[in-house]
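Hi everyone, thanks for coming. Let me put the sequence and the structure up on the screen, and then we can walk through a few parts together.

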Amino acid sequence: MDPNDGPSLGGTHEARDRRAFELLDPGIQRQLYRMGWTALRRLQIDAIETITGTDQDILIMAETASGKTEAAFLPILSLLATEASGSIRALYVGPLRALINDQFLRMEELCTFLDLPVFKWHGEVSQTVKHRCIRNPAGVLLITPESIESIFINQSAHLGRLFGGLRFVVIDELHAFLGNERGMHLASLLTRIHTFQIQGEHGFREVGLSATIGDPEPAKAFLHPDDPTQVALIQPRGEGKELHLEVHAYDRSVLENPDPGEGPKSRQEDVRITRLRPVAHDIVRHCGGGSNLVFANRKADVEVLCDLCTEFAAPQGLPQNYLVHHGSLSRDIRETAEELMKGSGQRTTFCSSTLELGIDIGSIRLVGQVGAPWTVASLKQRLGRSGRHEGEPRRLSIYVPYPVGDEPELLQRLSYDLIAAIASTELLLEGWVEPMYPPACDLSTLTQQILSVIVEKGGVRTEAIYDLLCRKGPFRGIEASLFAKLMRALGGKDILEQDPAGEIILGLEGEKIVESLDFYGVFNASKEVKVVHEGRVLGALPVLVLPKVNSFIVFAGRKWKVLSVDLGEWEIEVEPSVSRGRPKFAGYGGGVHPRLRQKMREVLSSRATYAYLDAMAGQFLSTAREVAREADLCKERFVALGANSTLAMTWTGSDIQKTLLAMLGLTDINCHDAAIGILFPGSIAEVREAFASIKGHSFSPEGLTECVERDADRKFDYLLDEDLLRVMISREIIDLDGAKRVCEQILSE
DNA sequence: GACCTGCTGCGGATTG
């Protein structure tokens, strides 16, 4: 810092702006003039000061379209302007190819007057470009974690040249990596890159960017695991965007009379389609005048809603501009939708979480959300897609369809989905989102990294692999004895072998795994069958729940009849039809944070009114509060539902709930998860006794794993033995302290 | 029955 930088000067935004601008390289300054920038935003000034004035790692938490990529790169490019070549100097890591393509253009533009090359590297980039980067590494490289992996596997001889002089790693959409195996993978690769840094140099600094970080601590720990307190936090104060919120609810009348105008239906319509009819009518009304995004919780709902809206809009003379976008559609259909959204027409796209991240799809007037959002984080991310321009409000409409419901009647009358939607909205307004912690015991991704290290280095001693992967970086929670067990298990399955010199090499099965194209990523992809019409691939459906021949599906926003299912060719042939059938996609459930269930309890027990509820939603809320009051749900922890059925109100999240169910399972009580509580056969006295008995019992986490059901396997879990799986579940799902705490609360209240 | 993401190198033929 300038010693003459007195407090009197530092006071005004204009003065700080001017001084921050002067810290930038003249080539960058010139480009900013050319791009018509008149001022830097506070966030950018903060980032310029911190990046040029300190040697800290940095976490930038700000809304999408707030200019946070520029906040990071204006100063980084300025610092690198005079030392461009000899090595990649800055790495930009993004979770999506589309995002890398967008950012590549912006980065090139910023570098117009700098002698600083910009490279991109992902699966769709030509080998020519990749080889140019390897021959003459310099400047900035934009890349995915999987492509970094491919460099370790296929270009290991060049790692020192590529990364020896690396100064910065910028991780965009950091939340997309926190709390999952892809983040473990990335963190492990970055740890390995550190070992290629030129001796005596300072090493690289990390910068994380995200709009959706609930708790900055795990994000800081991701960037700087040795000492998270060293990470500087840049977070602009609330910019107070105007917010238009609406919550719409629907009653069951549509189920009795689906379509008054159409006369009797020849075929019984799937109730999961019928319940979406009034929602689609509202979406057609609300989505005039601009481009809109409507998120639904299931791909099947995305398809059905698009088809219903197309049909409803036709007779009213409304433009049929409804599009679909989700992960099972072909790339060509998805890219067409993205292009159309960017164009001048007014379109509405129904999507799953594919359009949650920051890829450019033009200006969005309204964001719709059908059903209660899975998490507050995803609701926040979705809301952030609207109102991205200065002076434009954010608009969010949540549509809560009538529940299909096989839960107990009391819970149905509580309008679980609506209360969950209100609770999520309230938490969002309070600024809370779920904290994201990394998996505690990801032996699957560790296995992948062990194989990767062996491919990179040839034979390696066990201790050297342990030092490299587990002493520092994301696997530091794996102790030496557990690592040794893992190595033995992999040896037993011919994945690894020990050569006569005592070094570990790949076994026969290990060779096969590593040679597969699939090896570069660490997440599990389900097997799929192509959906084809006259030679054109529309997308794919999971092989687990294939449609029957002659059945009907809505897919890519249109109705089809299934002509054939060919498992030899992995192909489903379809032809256009006029009948509407709901497609099936295979999926598993996800977790709910305890805070959401606690908020639901607050919503039910308070008298607060919410201005964003429509008449029906308001009415359902009153009924739910009445039901809760009559049964004393919010105060009483045990509620009799019938002669021999009791609901214990836990009001907690899914991990604690799973642990409680496992504890009760061990004591031979046959009970069920009912979201806000646990459902028992038996009287209140018996259930109270059951809780008292598990409170007094001392459980071992690993014993409980027998009774816990896991949602989904990780990619390399199939290589682990029972013992290792038990350790993994006990460390990741079982929450003994949390369960005991809930137990005590239940018994004392 | 939630949702999403990613990915070679090489040999041979064709084209400018």
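**The surface near DNA strand B**

Let's start with the residues of the surface near DNA strand B, which divide into nine nonpolar, 18 polar and nine charged. Near here means that a heavy atom of the residue lies within 4 Å of the strand. As for the classes, Ala, Val, Leu, Ile, Met, Phe, Trp, Tyr, Cys and Pro count as nonpolar, Asp, Glu, Lys and Arg as charged, and the others, Gly among them, as polar.

Before going on, a word on the model: it is predicted, with local features needing pLDDT of at least 70 and side-chain atom pairs counting only at pLDDT 80 or more, while totals for chains, interfaces and linings use all residues. Residues are numbered from 1 along each chain as its sequence is written, chains are lettered from A and ligands numbered from 1 in the order in which they are written, and side-chain values use heavy atoms, leaving out hydrogens and water.

Which residues come nearest to DNA strand B? Of the 36 around it, they are Arg 272, Arg 334, Leu 517, Tyr 588 and Gly 590.

Now some polar contacts, meaning pairs of N or O atoms within 3.5 Å. Gly 591 instead uses a backbone N or O atom, 3.2 Å from a base nitrogen.

Helix α8 gives this surface its largest share, four residues. Helices here are DSSP runs of H or I with at least four residues, and strands are runs of E with at least two, numbered from the N terminus.

**Helix α19**

Next, α19, residues 416-430. Its 15 residues reach 21 Å from first C-alpha to last, close to the 21 Å expected at 1.5 Å a residue, where the expected span is 1.5 Å times one less than the number of residues. Because 12 of the 15 are buried, α19 is largely enclosed by the rest of the structure; buried means under 20% relative accessible area, with a 1.4 Å probe and protein chains only. Just after the helix, Gly 431 takes a positive phi of about 90°.

**A four-stranded sheet**

Finally, an open sheet runs β21-β22-β24-β23, with antiparallel pairing, and pairing requires at least two DSSP bridges. Its edge strands are β21 and β23. Five bridges join β22 to β24, and Thr 646 stands opposite Phe 680.

Notes. A polar contact is a pair of N or O atoms within 3.5 Å; within protein, one must be able to donate a hydrogen and the other to accept it, and residues adjacent in sequence count only if both atoms are side-chain atoms. Buried means under 20% relative accessible area, exposed over 50%, partly exposed in between (1.4 Å probe, protein chains only).
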